[in-house]
Amino acid sequence: MIKVLVADDEPLITAGIRTVLESAGDIEVVAEAADGRAAVEGAIRHRADVALVDINMPVLDGLGAAEELRRRMPGLRTVVLTAFGAEPNVLRAVQNGVAGFVLKNCTPDELIRAVRAAHRGDAYLSPAVTRTVLDMVTPAEALRRKEAADRLAALAPRESEVVGLLAEGLSNAEIGRRLYMSETTIKTYVSRILAKLGCSNRVQAALLVRDAGPRG
């Protein structure tokens, strides 16, 4: 079972999330919290695998809670939940290693996918949220662009193809279909690419591709 902590200051939303997640069969909500400080303490006390936290909470906001959990529970994965599609803190979240970012109007299936992906060690952003993140990145300065391009130049041609499709927000399965390769093979490629680029997750790799600009 995937042990999840749910943190939101609106009890009705928390109850709804619990119902959705526990309908999956392989997810158990082991704790709830109404503020970021309680979320941190609850996740530690109940040894949660995944923390699903609202971005706007009293005492300590969702991103503050995520950053503290990353320090105190390195193995825990955090998924941030927000009602705002253009929330400027999305970028701060992914740059700090948050495992997922989903909107409160997402479907139940998407919420379950996000939790499962985080538990597997993958980063989860729906294509719509990925585009929002990339659109918030200001045009890179010349030096930053060159540094990103130099890092990407270390990739083999096939790895370069994979990271390009990853940056479009495609899942491993979708990349595999595009390149006529198995999902398992793509997962291996992604792991190798992240190691070569020094990225902790696929969202950071996508931002690196964006920094490098159009490829010739």
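**View 1. Contacts of Asp54 in the predicted model.** Asp54 touches Ala7, Asp8, Asp9, Gly62, Leu81, Thr82 and Lys104, leaving aside residues up to four places away in sequence; contact means heavy atoms within 4.5 Å. The model is predicted, with local features requiring pLDDT of at least 70 and side-chain atom pairs pLDDT 80 or more, while totals for chains, interfaces and linings use all residues. Residues are numbered from 1 along each chain as its sequence is written, and side-chain values use heavy atoms, without hydrogens and water.

**View 2. The setting and annotation of Asp54.** Asp54 lies in strand E3, where strands (E, at least two residues) and helices (H or I, at least four) are DSSP runs numbered from the N terminus. Because its relative accessibility is 4%, Asp54 counts as buried (under 20% relative accessible area; exposed is over 50%, partly exposed in between; 1.4 Å probe, protein chains only). An unreviewed UniProt entry annotates Asp54 as "modified residue: 4-aspartylphosphate"; such annotations may be inferred rather than shown by experiment.

**View 3. Strand E1 and its two partners.** Five of the six residues of E1 (residues 2–7) are buried, so this strand is largely enclosed by the rest of the structure. E1 runs parallel to E2 (residues 27–33), joined by six bridges, and pairs in the parallel sense with E3 (residues 50–54) over four bridges; pairing requires at least two DSSP bridges between two strands. Leu5 stands opposite Ala31 in E2, and its bridge partner in E3 is Ala51.
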